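Subject: Structure for you to look at

Hello,

Here is the structure I said I would pass on. Please open it first, then read the notes below it.

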Amino acid sequence: MRKSAAIIFSYAFLVFALCLGISSFIGSVPVVLEEYRRTYIFCRGFLCFFRFLPAVLSSGFLVALSIYFGIDSEKAQMRFSPVIVKDFKRTMVLSLILVAVMSGVAEIASPIVQRKKDYAENSERLLTEYIQLGNESLAAENYVLAHRYGSQILKIRPASSEGKNLIDKSEAVLKAIKKISPETEKVKTGGELHIFDEISGETVTSLINKSKMAAEKGKWFESHYFAQLATTTGSEKDINIKEARRLASQAWNVLQSVSPSEKTRDQILFAKKRSAYKALSEGNNIEAYYQFVEISKQDVEWASDPDVTEFLTIARNRMEKQCFFIDETDSLRTFENFLNVYFTVKHSDGQTDVVYIQGITPVYDNGGMVQYLRGLTVTTFAKNGSFIKSFSVPYAKMLSVAVSSFDENLRAQLDLPQKVKRVPYILLKSLDRNGREKIILPKYEFSDSLHPDQKTQPISTVLAMSVEDFFTACEQSAGLRTMPLDTLLKTAGKAQNFGFSNEISGAFLIKRITYPLIMMTILIFFAGLAWNFRIHKEQVFKFVWVFIIPFCTLACDAFIQIILSIAELFNFMLVSVAGTASLLVALGFWIVVFFFAVFYFVTRKTN
């Protein structure tokens, strides 16, 4: 059998070399960047080889076994003879190896190569899109966004003059900007999400004690901070709430009473800290963040001030739960996991959200995984199909947030099953890390029939689905052929929840699960044919037979494609008739066919 395996894989290697040669020298290459031209050619060659791999291996299998069976076939004088049983065992081992190769290529190698080819093919379009958007951002004086697009251009094409030009011009302006606008929009989350975890593990009593200790040391900022957290944590029924309010009032009165007529350097710092802390205590976290950043940049010693470092961190942590920094997208991998994702999210009131995302990139952040969504658009339709509203944003940041973090009103609005523990929480607003000059907000459009009170423009949104369902929808949108098999199995019967067809999804699931069994059946059947057309050991090999192998490959390919097409139609029929039991019915059917093929092989004999 080693000789047979050598014949099969040697032939496969020759076909692979032929496919690469054809891809390199024959056939036009679409418009791709020169840097990706070779990648595209190689991927196209691999995909061509993968397309014919089952037929190549099957024809090699047929020819190799026809030689192998001729060695001692004269000993098989009756059906089920020891010789044919021995040959069957070895044939099964070789068939299993070939089916494993076919399945591995179909399920793993082919999707990976296809994604690389698609990215190479889209590189020209992405580069053109980034250059256009970068120039538009530069013309609109949105220098931070222009800088980001310049960074993305250089990731695709490091030597791009357009990317370097965008970087140089935007950096020159950003470095020259020193004046900070006096006002910044106060951001509210509408009480949607209890996102601050600063009181984790604390009680009202422990926070009051910390406030008192800070007051004794003259740390009035900390004293007020802990007292305010205590009032937020406790309820009106808590007997310690009055003490917490007293401590907060006491600390604030001390902070307000310091207003010297002649301001020394330390007193100026104190006034700045008080102004920044006031914004923080009022919930204006973005304003507080920028004020503390300004303080730390103004003086090196001020940057190391304990109050500044502590409350700058608190302000940043709070702000990052409401929005994200534009420059976070500069470090994204150019290769996005998903491209052109679309799916629907259905609500209990009959409304439907149609979600479209141009690209998704996962990034590890503080030990957790966040997703950056490029070109996010969400359009909401009423039950009767009429337009309600839509919003779009160049970049958004998606977090996985526990449903228990939401208040009761939002949980009721989402109307999620109890088994859903985490949902996609999407931040739509992005800011410049170092200054207030640029803010990127989502663009909203509303139906004229909506009441003005309904035309709200939130800076965050929650998709009414589990995080697991979000990624399932992304995989399904990428294509049922390349979707991970375990994910496809989990989504059986749920495809319509994401705007796809249950029947098509179910048929593809059956097709991919039964593929190894079908190919195994075909190989065993081919083994029976190889026995019938075996080359006797006394027969002299003729070189002209070599030229028959390509025709044998074409014949095998036609046979395999016919069988797979019939199986696919059979799958659709099963899904329509048997529903959820269709997979078991299909497996049972092909197992029976497989045993018929086995019976056909083991009943071979010399005559």
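This is a predicted model: local features need pLDDT of at least 70, side-chain atom pairs count only at pLDDT 80 or more; totals for chains, interfaces and linings use all residues.

**Helix packing**

Residues are numbered from 1 along each chain as its sequence is written, and side-chain values use heavy atoms, with hydrogens and water left out.

Two packed helices are described by the angle between their axes and the distance between the axes. Axes are lines fitted to C-alpha atoms, for helices over the stretch in contact, and angles run from 0 to 180 degrees between N-to-C directions. Helices (H or I, at least four residues) and strands (E, at least two) are DSSP runs, numbered from the N terminus.

For α17 (residues 548–578) and α18 (residues 582–602), the axes cross at roughly 140° and come within 9 Å. The crossing of α17 past α18 is right-handed (left-handed if the near helix is turned anticlockwise from the far one by less than a right angle, right-handed if clockwise). On the α17 side, the residues in contact (heavy atoms within 4.5 Å) include Ile563 and Phe570, and they meet residues of α18 including Phe589 and Trp590. The contact of α17 with α18 has ten nonpolar residues, one polar and no charged. Here Ala, Val, Leu, Ile, Met, Phe, Trp, Tyr, Cys and Pro count as nonpolar, Asp, Glu, Lys and Arg as charged, and the others, Gly among them, as polar.

Helix α2 (residues 34–68) packs with helix α16 (residues 502–532) at about 30°, and their axes are 8 Å apart. This pair is therefore roughly parallel: α2 to α16. Among the residues of α2 in this contact are Pro54 and Phe61, and among those of α16 are Tyr515 and Met519. Eleven of the contact residues of α2 with α16 are nonpolar, two are polar and none is charged.

Helices α3 (residues 82–139) and α4 (residues 143–156) pack at about 155°, with axes 8 Å apart. That makes α3 roughly antiparallel to α4. The crossing of α3 past α4 is left-handed.

**Strands**

Strands of a sheet pair through backbone hydrogen bonds, either parallel or antiparallel. Two strands count as paired if DSSP finds at least two bridges between them. Two bridges pair β1 with β7 (residues 430–431) in the parallel sense, and Phe324 has Ser430 in β7 as its bridge partner.

Strand β5 (residues 387–402) runs antiparallel to β9 (residues 443–446), with four bridges joining them; Ser390 is opposite Glu445 in β9. Strand β5 also runs antiparallel to β6 (residues 422–427), here with six bridges, and Ser400 is opposite Pro424 in β6.

Regards

Note on methods
Angles under 35 degrees count as roughly parallel, over 145 as roughly antiparallel, 65 to 115 as roughly perpendicular and the rest as oblique.
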